[in-house]
Amino acid sequence: MYLIKNLQYHFMKDLGLPALMRFSQRTKKRRPKKLDTCFGPPLTSTGRLKEIMTRHYLLSRYAEGARPVAWVTSGAPVELLRAFEFYTFYPENHGALCGAQKVGSELCEVAEGKGYSQDLCSYARIDLGVCFSGRTPVGKLPKPDLLFASNNICQTVVYWYKVLAYHWKVPLILFDTPYNFKDIADSDISYMVGQLEEMIPVLEEVSGKEFNYQRFQDVIRLAKEASLTWGEVLATMKARPAPMTIFDAFGHLAPIVSLRGLPVALNYYRVLLNELNDRVKKGIGAITDERKRLMWDNIAIWYKVRDLSNRFAERGMNFVAATYTNAWAETISYLDINHPFESLAKAYSLVILNNNLNHRFELMERLVKEYGVDGLVIHSARSCKPYSVGQYDIKRLLMDRLGVPSVVIEADIADSRVFSEEQTRTRLEAFFEAMEA
Amino acid sequence: MAKREEYIDKEKKEKGKKLFGIFPAQYPREILWAMNVLPVEIWDPPLEVIHANAHLQPYICSVVRLGLELILQGKCEGLDGFLFPHTCDSIQNLSSIVSDYLGVKKPCYFFYHPKSPYQDSSRVYYLEQLKGLVARLEKQLGPLDSSQLKHRVQQGQEVARVLKQLYDLRVQGELEASNADFYRVVRRGEYLSPDDFLPLLEEFLAAAKGSAQGGPAVIMSGVLPNPKEILTLLDELGVRIAHDDLLNCSRRLLVPPSRADDPFEALTESYFAMPPCTTKDSSVSERVDDLLAKVEQSNAKGVIFYMVKFCEPELFDVPQLTGELRKRGVATLLIDCELNQNLSGQLATRVEAFFEMIS
C-alpha cells in the first residue's frame with residue numbers, strides 16, 4: 001500500500017501535477033485584465049508563485065500514506081523535519097489563504113458552533129473549522145501524522161496545536177523558545193539544543209527514517225540561502241520607486257513560510273529577485289506615482305489586501321516595508337551548517353515576536369531609516385496578541401522620537417466580521433490628511 | 001488580621017522586607033521569601049481602568065489591564081521590584097511595556113518556566129532558571145542564605161500540606177466554611193508571609209472542620225474566583241465548590257511534597273509534579289483526566305467554567321473539557337466575564353438554572 005501511494009505521490013509531484021497545471025494554463029480562458037492606472041505593470045513571477053503554491057496544495061492530497069505528514073507552525077524550525085522528508089502543511093498559511101478568499105469567517109463559525117470562543121485567534125478557528133467540517137478552498141487537507149509547534153511566534157499556536165493533538169490523536173512536538181526579555185542566555189540556547197536533539201528519536205519513529213546529518217546540513221544551507229534571498233527581495237523596495245509593494249510581498253511570502261528548506265523556494269526567490277532588480281534598473285515602480293512610502297506593522301488583513309492596496313495607491317502611497325515580511329529574513333543569517341542545532345536555536349528564538357519591545361522599536365526605527373518610510377500603518381489584530389500588545393506605545397514612540405505619523409486599524413487577520421469599514425475609513429482619512437499636509 | 005495594604009506596609013516598615021509586585025502565575029515564591037522579599041501578587045486589584053486603555057487594546061483580558069492600571073495609578077510606588085512569570089502572550093508583552101516603555105524606575109525580573117510536554121532538557125533548564133533568577137536577584141538584594149532557602153522551601157511544603165488538608169476536607173464535605181470564606185482565606189496567601197499564612201490556615205482548619213451544607217457539589221475551573229459575587233450566590237443556593245481547577249488556587253498551590261534534600265532540586269521536583277495547567281501547556285488529555293478525577297473524588301454534579309474574558313489559554317481547552325464531562329453526565333456551565341464586575345442578573349439567572357439542573 002505504502003509503495004503504491006509513494007509511487008503515486010512521486011508521479012504526481014514530478015509529472016502529473018506539472019502536466020495538469022500546464023494543461024490548465026493553456027485551456028484557461030483569459031479575461032482581459034482591467035489596467036489600473038495607479039499601478040505599474042504586474043510582476044510576471046506572480047504566475048510562477050501561483051503554480052508553486054497550487055502544486056504544493058494539490059500534492060497534499062497524495063501525501064497521506066506516501067510521506068509522513070506534519071502540520072507545522074510558521075515559526076517552527078522545519079529544517080529538522082525536512083531531514084526526515086516530511087510533507088509539511090502550514091495551517092497558518094492555509095488560514096491566510098482562507099482569509100484572502102473570504103471564506104475565513106464561515107469556517108470560524110464552524111469552530112464557534114463547537115464551542116470555540118469568537119475571542120480566539122481566527123487562524124486557529126479556521127483550522128479547527130476545517131478539521132470539523134472537512135471544508136477548505138484547496139479541496140482536502142492531509143491528515144497529520146505529527147504536529148510540530150514552536151511558541152516563538154505566540155503561545156496561541158501551542159494551545160491550538162494541543163487541540164489538534166487531541167482531535168487527531170497524533171503526537172505534538174513543541175520547540176519551546178524562552179522569551180528574550182533582556183538577552184538570550186547560554187542556558188536558553190542549551191535548553192533549545194537539548195530539545196532539538198530529543199526530537200530526533202520521535203521523528204525517526206514517526207517517519208520510519210533514520211536521521212541523516214548530511215541531509216540536515218543541506219536543508220539548512222537551502223533554508224539559509226532562500227531566506228537571505230528573500231531578504232534581498234525585500235531590500236529591492238529601498239529603491240525609489242519601489243519595484244513592488246508590501247501587499248505583493250504578503251503573497252510572495254508563501255514559499256519562505258511553507259517551503260523553506262526545499263530547492264523550489266530558493267529557485268523561486270532567485271527568479272523574483274532578478275525580476276525586481278531589473279525593474280529597479282529600469283525605474284519601474286509598483287505604483288505609478290510613488291509620493292509617500294509607508295511601513296506596515298503586523299500580519300496582513302487578508303480579506304482586505306486588494307482593497308487597502310488600491311486605497312493607498314490612489315493617493316500615491318506605497319508600502320515599502322513591513323515588520324511581518326521581514327520576520328523570515330531577520331534572523332536566518334544565524335544559520336550555520338557547521339553548528340546546525342545551536343544556530344537553529346538562535347535563528348528561531350530571536351525572531352521579532354519572541355523578542356522584547358525595545359528590540360521591536362529598534363527594528364522599526366532601522367526600517368524607517370533604511371527604506372525612507374514617511375508613515376506607519378499599524379494593524380491591531382485581535383487574533384495576534386504578541387504582535388498587538390505594545391503597539392500603542394510603539395505608535396507614540398515613533399512619533400516622539402522619529403516624527404513618523406501613524407494610524408491604528410483595529411481589525412483581524414482572517415475573520416472579516418470584526419472589520420469596521422466605517423471606523424477604518426474615518427481613521428484612514430485622518431491619516432491621509434496628516435500625510436498629505 | 002490587618003487588611004492587605006496595611007499588612008504589606010507593616011511588613012516593609014517594621015520587618016524591613018522588600019516588596020515585589022508579582023504578576024500571575026507560576027513562580028518560585030520560596031526564593032523570594034528566603035531573600036527577605038514579600039511577594040505581593042497582582043491578580044485583580046479593585047480599580048476602575050482609566051489609564052491602561054491608552055496602552056492596551058480592548059481585547060486584552062482584565063487581569064493584564066488591571067495590573068497595568070495599578071502601576072499607572074501610582075499604587076506600586078512602595079514596591080521594590082516586579083516579577084513577571086511567563087504566563088501568556090499578554091503578560092509576556094506587558095513585562096516589556098513596563099520594563100522598556102513606561103520608564104518604571106524599579107527592577108523588573110522575568111521568569112521563564114519550561115512548557116510541556118516535558119523532556120529531560122526541561123528539568124535541567126528549570127533548575128538553571130531558578131539559579132539564574134537567584135543570581136539576578138542577588139545583584140539587588142545581596143547574597144542568598146542557603147539555610148534560609150532550605151527553611152523557606154520546607155515552609156512552602158508545610159503551607160501546601162495544610163492547604164491540601166483543607167481541600168481534602170472540602171472534597172469530603174467535612175469543611176463547613178462557606179465558598180466565600182474558603183476562598184477569602186486561600187487567597188490571602190497571595191500577599192501574606194508564610195510566617196503568617198501558615199498559622200492562619202491552621203486556625204481556619206481547626207475552626208472550619210465540620211459537616212458542609214447538604215446541597216450539590218460542583219467544581220470551579222478557570223483563572224480565579226472573581227467576580228466574587230458568584231461565591232456568595234452559590235452559598236445562598238446551597239451549592240458547595242467541592243474542589244477547583246483554578247489557576248490561582250489549586251493548580252499552583254497544591255504542590256506535592258518533594259523529598260529532595262537540595263532546595264533547588266526540591267523546587268524543581270515540585271514544579272513538574274504540580275497539577276496540569278494551561279500556563280504550562282499541559283495537554284488536553286492531562287487536563288481532562290485531572291478534572292474527571294476531581295469530579296469523581298468530590299462526587300460533583302457539575303463543573304462551572306468561570307472564564308476571564310479574552311483568556312486564550314483557558315478558552316482553547318473549554319470545548320474538549322465540557323465535551324468529555326457531558327459524555328459522562330456531568331453538567332457544565334460556562335461563564336465568561338470581566339473581573340470585578342458585578343454578576344449581572346442574566347448571569348445570576350444562568351447560575352440558578354444550573355443549580356436547578358444539578359439538584
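In which order do the strands of the open sheet in chain B stand, and is the pairing parallel or antiparallel? I looked this up in the model, which is a predicted one.

**Entry: the sheet of chain B**

I read the order as β2-β1-β3-β4, with 4 strands forming an open sheet in parallel pairing. I noted β2 (37-41) and β4 (108-111) of chain B at the edges; each has a single partner strand, so one side of each is left without a neighbour in the sheet. From one strand to the next, I find an average twist of 25°.

I then examined the pairing of β1 (residues 18-22) with β3 (residues 81-85) in chain B, which is parallel and runs over 3 bridges. Within this pairing, I traced B:G21 to its bridge partner B:F82 in β3(B). I also recorded that helix α1 (residues 4-15) of chain B packs on the sheet, where the helix touches β1 and β2 of chain B. The direction of α1 makes about 160° with that of β2(B).

**Entry: the interface of chains A and B**

I find 54 residues of chain A in contact with 55 residues of chain B. The buried area between the two chains is about 4,600 Å², and carbon and sulfur atoms give 57% of this area.

For polar features, I count 28 residue pairs in polar contact between the chains. I find 3 salt bridges by the rule across this interface. I looked up the salt bridge in which the side chains of B:K309 and A:D119 meet, at 2.8 Å from N to O.

By class, I record 25 nonpolar, 16 polar and 13 charged residues on the side of chain A that touches chain B.

Terms used:
Residues are numbered from 1 along each chain as its sequence is written. Chains are lettered from A and ligands numbered from 1 in the order in which they are written. This is a predicted model: local features need pLDDT of at least 70, side-chain atom pairs count only at pLDDT 80 or more; totals for chains, interfaces and linings use all residues. Side-chain values use heavy atoms; hydrogens and water are left out. Contact means heavy atoms within 4.5 Å. Buried area is the accessible area (1.4 Å probe) that two parts lose on being put together, summed over both. A salt bridge is a side-chain nitrogen of Lys or Arg within 4 Å of a carboxyl oxygen of Asp or Glu. A polar contact is a pair of N or O atoms within 3.5 Å; within protein, one must be able to donate a hydrogen and the other to accept it, and residues adjacent in sequence count only if both atoms are side-chain atoms. Ala, Val, Leu, Ile, Met, Phe, Trp, Tyr, Cys and Pro count as nonpolar, Asp, Glu, Lys and Arg as charged, and the others, Gly among them, as polar. Two strands pair if DSSP finds at least two bridges between them. Helices (H or I, at least four residues) and strands (E, at least two) are DSSP runs, numbered from the N terminus. Axes are lines fitted to C-alpha atoms, for helices over the stretch in contact, and angles run from 0 to 180 degrees between N-to-C directions.
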